[in-house]
Amino acid sequence: MIRGDLASYIQDAHEKYGAAVRVAPEEISFISGETAWQDIYGFRTGKNKTPPYLKDGKWYTKLPNTAPSILIADEADHSRMRRNLSHAFSDKAIKEQEPLVQGLVDLLVNRLHEQVEENNPTVDIMRWYNYTTFDIITDLTFGEPLYCLRDKDYHPWVVMIAASMKINTIKARTKQFAAFVYIDMLMGLFIDKKALENKRMEFYGLISAKVSKRIAEGTQRPDFISHILRNEEKAELALTKPELDSNALILMVGGSETTATVLSGFTYLLLRHPLVYEKVVGEIRGRFTKLADITFEKVSQLEYLVATLQESMRVYPAVPTGFPRAVPAGGDTVSGVYVSEGVSVFILSQDEIRLADSDQTSVYMSQHAANHSKRNWTDPDTFVPERWLGDAKYKDDNRAVVHPFSFGPRNCLGKK
């Protein structure tokens with residue numbers, strides 16, 4: 001995980017050992033998505049009334065203000081936050097937000113035209129997607145963009161977020177593996193960790209100030225905060241100011257980097273497959289004659305484009321590895337495999353994984369490995385949008401595996 005090649009490591013492990021693999025003493029990865037998504041992440045209703053699989057705290061770091069975000073909140077707080085925040089992602093809210101998004105997309109198009117007119121031999125499209133998604137999400141969260149598109153460069157916040165994601169990964173591993181405590185101490189001899197922590201605190205202070213400024217502007221603007229503020233009078237939905245700060249940060253990171261990642265992979269795959277590219281271009285230009293005609297609703301009706309995006313998220317998921325959950329007390333069965341809440345170093349069989357007593361064991365669906373497994377797909381490494389459009393060759397594809405926005409009561413609010 002520190003090296004950044006965890007996705008390929010887990011994929012190789014599943015190819016060698018099967019659908020359920022112990023990848024670390026306290027971690028079991030699954031690629032049997034037709035059952036594992038529901039078993040681990042699904043709603044606990046009807047016949048499936050086992051205790052919920054809670055977020056594994058080893059994988060998450062607390063924010064400096066210590067207030068939970070929707071990402072790490074317990075069940076009660078998560079339910080309250082989700083009911084509040086969901087209003088900002090309703091169909092009605094998305095329609096109201098469309099002009100804000102359209103304005104920034106228009107600016108992206110203008111900037112790309114400038115690149116052509118300046119005869120630039122190469123364009124780093126990933127940077128432009130990042131500029132756009134960060135501008136959009138900060139405009140919807142704080143009432144104004146970071147002006148990356150305007151200034152044609154990264155805002156300092158973007159650099160801070162990238163650095164903090166790496167730091168949080170190291171912090172999480174320190175919780176899990178004792179060796180990293182000593183590695184962290186050794187790194188401290190060469191890095192001014194206090195300066196890094198001060199920078200981190202400064203960043204969260206800036207986020208809080210932005211939220212305060214946006215709150216002061218009221219509820220007239222059709223963005224995320226306006227919908228959140230309208231729920232503040234309802235005690236069962238209200239968020240505290242620190243909670244609002246924490247969730248604003250999660251919205252900013254979750255709504256920017258993931259989208260830019262998917263769009264980068266989508267563009268790469270299109271350009272590597274000229275026939276697919278020609279079909280996408282033909283569909284778009286056959287439907288629209290001018291930019292003003294392109295709307296959220298009309299884009300969603302482009303069948304081949306939507307299939308191409310679905311296939312892109314299968315081949316290149318924004319979150320390639322799993323969302324770890326702790327096995328509840330007493331153990332449970334995931335995809336037909338019994339898993340207890342403890343730890344041991346041996347596997348009896350593929351049908352039964354025996355674990356000795358311990359605090360908790362993590363289980364998760366590994367998206368990249370599942371999406372590239374012959375167990376689930378015909379020609380898993382081949383980019384074929386037609387597999388989503390009824391092509392007979394791919395009729396046996398296990399489409400239930402693909403959930404790029406996760407699954408169940410904690411799936412991504414921004415899916416729509």
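Biologist: Which helices each supply at least two residues of the lining of the second largest pocket?

Modeller: The model is predicted. In it, the second largest pocket holds about 510 Å³ of space. Of the 18 residues that line this pocket, those closest to its centre are Ile-167, Lys-171, Lys-193, Leu-196 and Glu-197. The helices that each contribute at least two lining residues are H7 (156–176), H8 (179–187) and H9 (193–216).

Biologist: Which helix gives the most to the lining of the second largest pocket, and with how many residues?

Modeller: By class, the lining of this pocket comprises 10 nonpolar, 2 polar and 6 charged residues. The greatest contribution to the lining comes from H7, with 8 residues.

Biologist: How many residues of the contact of H12 with H15 are nonpolar, polar and charged?

Modeller: On the H12 side, the contact is made by Val-262, Phe-266, Leu-269 and Leu-270. These meet Leu-305, Thr-308, Leu-309, Ser-312, Met-313 and Val-315 in H15. Divided by class, the residues of this contact are 8 nonpolar, 2 polar and no charged.

Biologist: What kind of aromatic pair do Tyr-131 and Tyr-154 form?

Modeller: The structure holds 10 aromatic pairs. In the pair of Tyr-131 and Tyr-154, the ring centres lie 5.1 Å apart and the planes stand at 75°. Planes over 60 degrees apart meet the criterion, so the pair is edge-to-face.

Biologist: How many residues apart in sequence are the parts that this pair ties together?

Modeller: Tyr-131 belongs to helix H5 (residues 125–142). Tyr-154 lies in the loop between helix H6 (148–151) and H7. The pair therefore ties together parts whose separation in sequence is 23 residues.

Technical notes. Residues are numbered from 1 along each chain as its sequence is written. This is a predicted model: local features need pLDDT of at least 70, side-chain atom pairs count only at pLDDT 80 or more; totals for chains, interfaces and linings use all residues. Side-chain values use heavy atoms; hydrogens and water are left out. On a 1 Å grid over the protein atoms alone, a cavity is a set of points where a 1.4 Å probe fits but cannot get out, and a pocket is an open set with protein on both sides within 12 Å along at least five of seven lines; lining residues have an atom within 4 Å of a point. Grid points are joined across faces, edges and corners, and a volume is the space filled by probe spheres set on the points. Helices (H or I, at least four residues) and strands (E, at least two) are DSSP runs, numbered from the N terminus. Ala, Val, Leu, Ile, Met, Phe, Trp, Tyr, Cys and Pro count as nonpolar, Asp, Glu, Lys and Arg as charged, and the others, Gly among them, as polar. Contact means heavy atoms within 4.5 Å. Rings of Phe, Tyr and Trp (its six-membered ring) pair if their centres lie within 6.5 Å; planes under 30 degrees apart count as stacked, over 60 as edge-to-face and the rest as tilted.
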